[in-house]
Amino acid sequence: MNAIVFLLASAAVEHGGSAAPTVGEQEEHGAATILFHHVLDQPVLGLPSKHLLFFVLAALATLFVVRMALRRYRGGVPHGLAAAVEMLVLFIRDDIAEKSIPHEGRKYTSLLCSFFFFILVAALLGLVPFPIFPAGKPGVLTATSTGNIAVTMALAAISFVAQQYAGISKYGVIGHFRGLVPPGLPAWLLPIMVPVEILSMFTKPFALMIRLFANMLAGHMVITTLLLLIPLMAVVQTFFGVAMIPISLSLGLFIMLLELLVALIQAYIFTLLTAIFIGMYAHPAH
Amino acid sequence: MDANALAYFAAGIGAGLTIMGGAAGIGRLAASAMEGIARQPNAAGDIRGAMIVAAGLIEGVTFFSLIVTILLAIK
């Protein structure tokens, strides 16, 4: 974050000369410290958590953009933003919800749309660097709220509740748990199958949580590491640092473009897997 | 070797093995999907969708072990 820009600006001046950095300085500005300062949650701008800030920003941006699209939609033939949102919503309804949850896709479309748009907006917002000036020093603030495991855990918990609700609302509590094991199973298999099915009930949302979290974390770590190569090389010799700038920036830009793709794919996968799991509980194997 | 060095060593080896497994899985998946698309260009959309889901599942398992290696490395 700020430390990176500060280091980028000062690396050539500070470490380029003959004065070797002291041990204490290295500890404070070490590459690993900066990397984890960037990806872990930090208080920022007087607020307790940067991920919370970006979480609220992403939620507000989602609401605002979709409401704006809705208002334009009422005018008649949708174009521009309204057409884009309509295309995505139709895609979620027809290709994700109704294909994965037969007969009941529409009931869960609103939930799946919320998942898709929130994860997409949160991931895209995490790629935008915001300039900030804490204590007069220039810095950059970027954070992906879905790169925090608490946020993805909450999303996965909502997904878990939706999956269980799909089964329980249709078959009742007893029917739902009876439907976990296929009927006609030999009785001696039950002691194995019941624990396995109950375990898989929890590993599904757990996998959703880890997948989204790790994807968002990994992109930021790679970009930060690539940018940190500049000061790391500048410590060796100033010229190496300067020569590293175009390489680092172009590689970082490439990863940023890849992250655009990853944002879309992760939003799609989270939504699709939630729909598939809901469909599995709504229609267990008979 | 002290404990920290062993942890870093394990993290490096683990990350390498993880990538080998993930790359083998997704590589096989992509190869089969391309063969399928080449045989049936009409079904390209469906095959691509199924491929992305399977790739996501493989990737999820890969990330489990990558997180273990990260925990080893920052221990």
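The structure is a predicted model, in which local features need pLDDT of at least 70, side-chain atom pairs count only at pLDDT 80 or more, and totals for chains, interfaces and linings use all residues. Residues are numbered from 1 along each chain as its sequence is written, while chains are lettered from A and ligands numbered from 1 in the order in which they are written.

**Exercise 1. State which elements chain A has and the pattern that they follow.**

Step 1. Helices (H or I, at least four residues) and strands (E, at least two) are taken as DSSP runs, numbered from the N terminus.
Step 2. On this basis chain A has 9 helices and 2 strands.
Step 3. Along the sequence their pattern is α-α-α-α-α-α-β-β-α-α-α.
Step 4. A residue is buried if 20 or more other C-beta atoms lie within 10 Å of its own, exposed if 12 or fewer, and partly exposed in between, with C-beta atoms placed from the backbone. Of the 286 residues of chain A, 34% are buried.
Step 5. Two residues are in contact if their C-beta atoms, placed from the backbone, lie within 7 Å. Among contacts in chain A between residues at least 6 apart in sequence, 69% join residues at least 24 apart.

**Exercise 2. Describe how α4(A) and α6(A) pack.**

Step 1. Two packed helices are described by the angle between their axes and the distance between the axes. Axes are lines fitted to C-alpha atoms, for helices over the stretch in contact, and angles run from 0 to 180 degrees between N-to-C directions.
Step 2. Helix α4 (residues 50-73) and helix α6 (residues 105-125) of chain A pack at about 120 degrees, with their axes 9 Å apart.
Step 3. The angle makes α4(A) oblique to α6(A), since angles under 35 degrees count as roughly parallel, over 145 as roughly antiparallel, 65 to 115 as roughly perpendicular and the rest as oblique.
Step 4. In the contact, residues of α4(A) including Phe54(A), Leu57(A) and Val66(A) meet residues of α6(A) including Phe117(A), Phe118(A) and Leu125(A).
Step 5. The contact of α4(A) with α6(A) divides into 11 nonpolar residues, 1 polar and no charged. Here Ala, Val, Leu, Ile, Met, Phe, Trp, Tyr, Cys and Pro count as nonpolar, Asp, Glu, Lys and Arg as charged, and the others, Gly among them, as polar.

**Exercise 3. Locate Leu228(A) and name its contacts.**

Step 1. Leu228(A) is found in helix α8 of chain A.
Step 2. Leu228(A) counts as buried, because 21 C-beta neighbours are inside 10 Å.
Step 3. Apart from neighbours within four places in sequence, Leu228(A) is in contact with Ala31(A), Ile34(A) and Leu35(A).
Step 4. Helix α3 (residues 31-39) of chain A and α8(A) pack at about 145 degrees, with axes 10 Å apart. By class, their contact has 8 nonpolar, 4 polar and no charged residues.

**Exercise 4. Characterise α2(B) and the contact between the chains.**

Step 1. The 30 residues of α2 (residues 44-73) of chain B should span 44 Å, and the end C-alpha atoms are 41 Å apart, which agrees.
Step 2. α1(B) and α2(B) pack at about 175 degrees, with axes 9 Å apart. That makes α1(B) roughly antiparallel to α2(B).
Step 3. The buried residues of α2(B) are Gly56(B), Glu59(B), Gly60(B), Phe63(B) and Leu66(B). What covers them includes α8 (190-236) and α9 (238-282) of chain A together with α1 (3-39) of chain B.
Step 4. Across the two chains, 8 residues of chain A are in contact with 9 residues of chain B. The elements giving two or more residues to the chain A side are α8 and α9.
Step 5. That side of chain A divides into 7 nonpolar residues, no polar and 1 charged.

Notes
Expected span 1.5 Å × (residues − 1).
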